[in-house]
Amino acid sequence: MKIAKLITNRCIRLFGNICKTLSYPFHWVLPNYRFTIPEYSPAKLRLSKQSAIPRVIWQTNFSNKCALPVYLNYLFNRLMSLSCDYHYVSTEARDEYMKANTTPELYEAFSRLKNGAAQADLWRLVVLNKEGGVYADIDATFVWPLNRIIGNEDNAIFIKISNNTRYTNYFIASSPNNHDLQQAIELVIDNINHFKPEMGVYYSTGPGVLDKLFENRNDIHHEDRKYVCIQGTFTNEHFQYIDRPRTKWIHVKPEDLIQKKDD
């Protein structure tokens with residue numbers, strides 16, 4: 001099975017790179033044309049057997065008006081997840097959700113985050129812990145049908161990168177009320193309240209939180225990303241931030257990430 005997934009991975013990468021390359025002349029001819037990712041897309045297939053992890057996909061970005069490669073990535077993922085409902089959540093909707101579904105302490109910490117990616121880091125933990133389902137970054141691509149990735153008895157699935165040495169948060173699948181996610185949320189709140197610039201986005205709200213939380217633990221169900229979900233196949237920073245160049249989290253000055261309580 002792993003060989004089949006690896007071959008599929010390589011084929012998807014080839015197809016995605018072709019689409020990415022062809023998107024340059026498309027947007028050169030039509031520089032202002034944008035596609036719309038729906039806020040909600042219902043499952044096209046309903047499976048009779050329920051799974052512990054709800055068959056729901058959550059994604060977020062600064063806008064659902066996107067360049068061609070991002071939209072093609074969305075369409076491909078929907079083909080790989082026909083048994084799942086799909087939810088796109090905007091920046092404004094993220095804030096509304098956090099305000100309505102979290103404690104005052106958590107919402108106050110969330111509100112102090114001045115970067116959209118950092119906000120999305122915390123929101124994904126909260127929405128998965130409360131609602132359950134699958135979170136995937138807007139540039140993430142499933143390499144296998146999602147209903148075959150999620151086992152009926154699985155309570156959570158994380159993926160690792162860098163030769164299985166580090167966790168990442170661009171894909172997380174979980175059932176509701178996950179103790180590990182709750183601990184991750186609490187760690188992020190603590191990082192925000194005791195933020196140091198050297199932490200940056202990565203260690204304060206991002207994958208570094210999972211690395212710290214799961215260090216020396218052998219009970220975490222994780223998979224190698226190449227068999228589950230990969231990044232940058234169809235798109236890249238240019239297309240993902242085509243209307244907001246150089247706003248990706250890697251360009252954020254650490255000292256500008258957290259709003260001080262007395263500001």
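Which radius of gyration would a compact globule with 263 residues have, and what does the chain have? A compact globule would be near 18 Å, and the chain, at 18 Å, agrees with that; the radius is taken over C-alpha atoms, and the globule rule is 2.2 Å times the number of residues to the power 0.38.

## About the model

This is a predicted model, in which local features need pLDDT of at least 70, side-chain atom pairs count only at pLDDT 80 or more, and totals for chains, interfaces and linings use all residues. Residues are numbered from 1 along each chain as its sequence is written, and side-chain values use heavy atoms, with hydrogens and water left out.

## The chain as a whole

Let's start with the overall picture. The C-alpha trace spans about 50 × 45 × 35 Å along its principal axes. The chain holds ten helices and eleven strands (DSSP runs, H or I of at least four residues for helices and E of at least two for strands, numbered from the N terminus).

Of the 263 residues, 51% count as buried, meaning under 20% relative accessible area, while exposed means over 50% (1.4 Å probe, protein chains only). Among contacts (heavy atoms within 4.5 Å) with a separation of 6 or more, 83% join residues 24 or more positions apart.

## A closer look at helix α3

Helix α3 covers residues 91-101, and its buried residues are Arg94, Tyr97 and Met98. These cover an arc of only 95° around the axis, so they sit on the same side of α3; the arc is that of the directions from the helix axis to the C-beta atoms. The other side of α3 carries Glu92, Glu96, Lys99 and Ala100, which are exposed.

What do the buried residues of α3 pack against? Their partners are the strands β3 (56-60) and β5 (85-89), together with the helices α4 (104-111) and α5 (116-130).
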